[in-house]
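Look over the sequence and the model before reading on.

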Amino acid sequence: MDLVALEEIRRLKHRYLRCVDLKLWDEFAEVFAEDAVAEYDTPVLKKTLRLEGRDAILDYMRLNLGPDKITTHTAGCPEIDLDGDRATGIWSLDDTIIIPEHRLLIRGAAFYHDTYRRGDDGTWRVEKTGHRRTYEYMVSLDDAPSLKFTTSH
C-alpha cells in the first residue's frame, strides 16, 4: 500500500475544508482538477446541486460561502482506496453554516464520496466530490437570545 499517496489524499481533503472555512479561494481552486465535478445534497435548497468544472465550483463557493457566512467543516474516518494514479474516498462530514444576516444556523452531517486523480506533475487533485446528507437542520439564532459571537473571521 502506498502510504505516501494515502497521506497526500488526506491532506488534500483537509486543505479543501480549511480553504472553504477560511475563504482561501485561490488555494481552494488548486485542490481541483480543471474538469472536476461536485454534487452536494442540499435539503435546504430541496435539490442536489451539481457543479461542473473547477471554475463553476469555485464561483459557487465564493458566492454562497463568502465572508458574510461563518462555516466549519470537519471530515474524518476516511476510507481511501488506491488504484495507481486514481483513488476513491469516503469521508464522514460534520458541518455548520451560520448566516448572521438572516440570524440562521444550519447544521448537518453527511458522507462525502470522492474520486481523486494524480496529475502529470505528481499532485493529487479532486476529480469528483459530493455528499449525501444523513441529517440537516436549521434553527433561528433568535431562539437563543443570549447568543453572542465573541469572534468570527
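This is a predicted model. Start with Cys77. At 63% relative accessibility, Cys77 counts as exposed, because the cut-off for exposed is over 50%. Cys77 sits in strand S3, residues 70-83. Its phi is near 50°, a positive value in a residue other than glycine.

Most residues other than glycine have a negative phi. Lys23 also has a positive one, near 60°. Lys23 lies in the loop between helix H1 (3-22) and helix H2 (25-29). Is Lys23 buried or exposed? Lys23 counts as buried, because its relative accessibility is 15% and buried means under 20%.

The two residues side by side:

| Residue | Phi | Place | Relative accessibility |

Now the largest pocket. About 490 Å³ of space lies in it. Its lining has 24 residues. Which of them lie nearest the centre? They are Thr42, Val44, Tyr60, Leu65 and Ile97. Two or more lining residues come from each of these elements: H1, strand S1 (32-42), helix H3 (54-64), strand S4 (86-99), strand S5 (104-118) and strand S6 (124-140). S4 gives the largest share, four residues.

How do the lining residues divide by type? The lining of the largest pocket holds 15 nonpolar, four polar and five charged residues.

Methods:
Residues numbered from 1 in each chain as written. Predicted model: local features only at pLDDT ≥ 70, side-chain atom pairs only at ≥ 80, totals over all residues. Heavy atoms only, no water. Buried < 20%, exposed > 50% of the residue type's maximum accessible area, 1.4 Å probe, protein only. 1 Å grid on protein atoms, 1.4 Å probe; cavity = no way out; pocket = protein on both sides within 12 Å on 5 of 7 lines; lining within 4 Å. Points joined across faces, edges and corners; volume = space filled by probe spheres on them. Nonpolar A, V, L, I, M, F, W, Y, C, P; charged D, E, K, R; others polar.
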